[in-house]
Amino acid sequence: METLSENICFGGTQGVYKHASDATGTDMTFGLFLPLEAQDGPVPVLWFLSGLTCTHENAMTKAGAQAWAADQGIALVFPDTSPRGEGVADDDAFDLGQGAGFYVNATQDPWAPHFQMWDYVTEDLPGLVFDHFALDPERQSITGHSMGGHGALTIAMTLPERFRSVSAFSPICNPMSSDWGRKQLTAYLGDEDSADWSAHDASHLMTQRGFDGPMLIDTGTKDQFIDLLRPETLAHAIASRRQQAAFRMQPGYDHSYFFISTFMEEHIAFHADALWA
């Protein structure tokens, strides 16, 4: 693992690191904020999965999360959104290829050799950070934005024993029925198949299994992509299952990091309640 940068931040350290990933077969870069308390022993961890076109850097520099995480003594991990580099497949469209891994393990060419983002986020990167940093694997929560909200919800519902809480900002809620989903699931996983596709649809997973823990979801009523996000499908699934959840439509807010940073303090406090319980 190579240290690219480390900066003192709200009494803790914001680092950026690069490592060779077994899952993707490429070098991957991630951000990690460690609060001051990590000097004395392992601290709880909040994973932040970013959205389309983002790298590890977007949420790390725009979400304003470090101040609130420092207050709560929580570490933040900011993974990249896809493999990158020479020989990695890409597409001219912003919503497919590099920067658009959708947190799935691709089975189709030309994506399959490197686009194994589910394994990267759930196995490869956790194995690295828990080996090298003062993080507590028994106290993990997960959040994300847009495509990353989709990833956070599907990962949490698939691995509920790992995460104490899950939240999302403007998540893609129903990719099986959305243009932000059908295109990518077809490219990465092949023609529609209920087993492969439904494993990556938060609304379907909510109907089938839900999440054994607290859940918080915020979406703006003026989100310019709201028809692609389909929040109503997840809201219906939550209500039908009687899942414990706070599902909020925030009046006037859009899809931007201005929206995320506005509600970041509440999301961090929400996770802190679960992580320190």
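How many bridges join strand 4 to strand 5, and do the two run parallel or antiparallel? In this predicted model, residues are numbered from 1 along each chain as its sequence is written, local features need pLDDT of at least 70, side-chain atom pairs count only at pLDDT 80 or more, and totals for chains, interfaces and linings use all residues. Side-chain values use heavy atoms, with hydrogens and water left out.

Strand 4 (residues 43-49) is joined to strand 5 by three bridges, and the two run parallel; strands are DSSP runs of E with at least two residues, helices are runs of H or I with at least four, and both are numbered from the N terminus. Pairing requires at least two DSSP bridges between two strands. Strand 3 (residues 27-34) also pairs with strand 5, in the antiparallel sense and over three bridges. V77 of strand 5 is the bridge partner of L32, and W47 stands opposite V77 as well. Strand 5 (residues 75-78) is covered on both faces, with A75 and V77 buried on one side and L76 and F78 on the other (buried: under 20% relative accessible area, 1.4 Å probe, protein chains only).

Definitions and conventions:
Buried means under 20% relative accessible area, exposed over 50%, partly exposed in between (1.4 Å probe, protein chains only).
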